[in-house]
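Please look at the sequence and the 3D structure below before reading on.

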Amino acid sequence: MTTLTDLAVAVLTAADAREKTALSRRNAALWFAARAQGTPLPLGAALPPDRPARPARPELLAPRDMPRRRPGTLAGRVALLHAVAHIELNAVDLHWDIVARFAHIPMPPGFHDDWVKAADEESKHFTLLADCLETMGSHYGALPAHAGMWRAAEDTAGDLMARLAVVPMVLEARGLDVTPQMIDIFRGTGEAQAMAALETIYAEEVGHVAYGSKWFHFLCGRHDLDPKEVFHALVRRHFHATLKPPFNEEKRAEAGLPPDFYWPLADAAPPAAD
Ligand SMILES: [Fe+2]
Ligand SMILES: [Fe+2]
């Protein structure tokens, strides 16, 4: 019988980006159909690969070797969307990896629902951006992309709480900070398809950060730990940079991330409050 970890590993081992994201959406639908029928798929114990399969293109470069992007030009906006598409493809793998890598840790079924839903949404996000790139005369794989994307997964492969702290609560929260300016760029040029894609991403990413915060707090409760202190300790140990303000405090709050979680990890002091 097919298990949830089988479905996850199938996505992680699919190399072609369009095939990976289409399979991800089909596998998410299988999981939710079985849940709706009251016959949830067993979790199983299929092991995820250390690194997910990826297409031969894009060429992966160290961040310092990446060409600079100038959003004032069409080529610059294509490069921006290409970079976000690469992040979304990585996020598909990150969410299925959480499902498979930590399946041995007993969690309520809602944990798996949340990450399968997040993986499904990331697959949609990649597809929306890949479609935009094609409308603009390019495609995913046409430009080089950031090589270090899987590092956070490797650094937190042995610790679910560290994975939740670093991936949804730091990296995906960062997306909430920077996406509004990207939407403004495409609003300014009247590129409606890209604007709509980024607005969908912005709306749905709040949920992914919220899932991270919810299950992080759940595990803190299970182990009788102080969430804020553990969050700071895990991010300092597993994330190799400081957090960069300005923060989107409104969306972070909506996602269950209070200021005293992220400001102490920032490379600047918070603005004085009245
Ligand atoms: Fe996304
Ligand atoms: Fe996400």
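The sections below cover the model itself, its helices, and some residues in its loops.

## The model and its numbering

This is a predicted model, in which local features need pLDDT of at least 70 and side-chain atom pairs count only at pLDDT 80 or more, while totals for chains, interfaces and linings use all residues. Residues are numbered from 1 along each chain as its sequence is written, and chains are lettered from A and ligands numbered from 1 in the order in which they are written.

Helices (H or I, at least four residues) and strands (E, at least two) are DSSP runs, numbered from the N terminus.

The expected span of a helix is 1.5 Å times one less than its number of residues. Helix H3, residues 74-101, has 28 residues, and its first and last C-alpha atoms are 40 Å apart, close to the expected 40 Å. The 32 residues of H7 should span 46 Å, and the distance of 47 Å between its end C-alpha atoms agrees with this.

A residue counts as buried if 20 or more other C-beta atoms lie within 10 Å of its own, as exposed if 12 or fewer do, and as partly exposed in between; the C-beta atoms are placed from the backbone. By this rule H3 is mostly covered, with 23 of its 28 residues buried.

Which residues of H8 are buried? They are Phe231, Leu234, Val235 and His238. These residues lie on the same side of H8, because they cover an arc of only 100° around the axis. The arc is that of the directions from the helix axis to the C-beta atoms. The buried residues of H8 are covered by parts that include helix H5 (151-155), helix H6 (160-189), helix H7 (192-223) and helix H10 (259-262).

## How H2 and H4 pack

Two packed helices are described by the angle between their axes and the distance between the axes. For helix H2 (residues 17-36) and helix H4 (residues 109-135), the angle is about 145° and the axes are 9 Å apart. Axes are lines fitted to C-alpha atoms, for helices over the stretch in contact, and angles run from 0 to 180 degrees between N-to-C directions. The crossing of H2 and H4 is left-handed, a term for a near helix turned anticlockwise from the far one by less than a right angle (right-handed if clockwise).

Residues are in contact if their C-beta atoms, placed from the backbone, lie within 7 Å. On the H2 side the contact includes Ala17, Arg18, Ala28 and Trp31, and on the H4 side it includes Asp113, Val116, Phe126 and Ala130. By class, the contact has seven nonpolar, four polar and six charged residues. Here Ala, Val, Leu, Ile, Met, Phe, Trp, Tyr, Cys and Pro count as nonpolar, Asp, Glu, Lys and Arg as charged, and the others, Gly among them, as polar.

Most residues other than glycine have a negative phi, and most peptide bonds are trans. Aspartate 224 has a positive phi of about 55° although it is not a glycine. Aspartate 224 lies in the loop between H7 and H8 and is exposed, with 6 other C-beta atoms within 10 Å.

Where are the cis peptide bonds? One joins arginine 57 and proline 58, with omega about 10°; proline 58 belongs to the loop between H2 and strand E1 (60-61). Another joins proline 245 and proline 246, with omega about 5°; proline 246 belongs to the loop between H8 and helix H9 (249-254).

Alanine 53 lies in the loop between H2 and E1. It is partly exposed, with 14 C-beta neighbours inside 10 Å. Beyond residues up to four places away in sequence, alanine 53 touches Leu12, Thr13, Ala14 and Ala15. Its C-alpha atom is 12 Å from that of leucine 94, a residue 41 places away along the chain.

Methionine 107 is in the loop between H3 and H4 and is partly exposed, with 17 other C-beta atoms within 10 Å. In the segment after H10 is alanine 272, which is exposed, with 5 C-beta neighbours inside 10 Å. The C-alpha atoms of alanine 272 and methionine 136 are 44 Å apart.

How values were computed:
Two residues are in contact if their C-beta atoms, placed from the backbone, lie within 7 Å.
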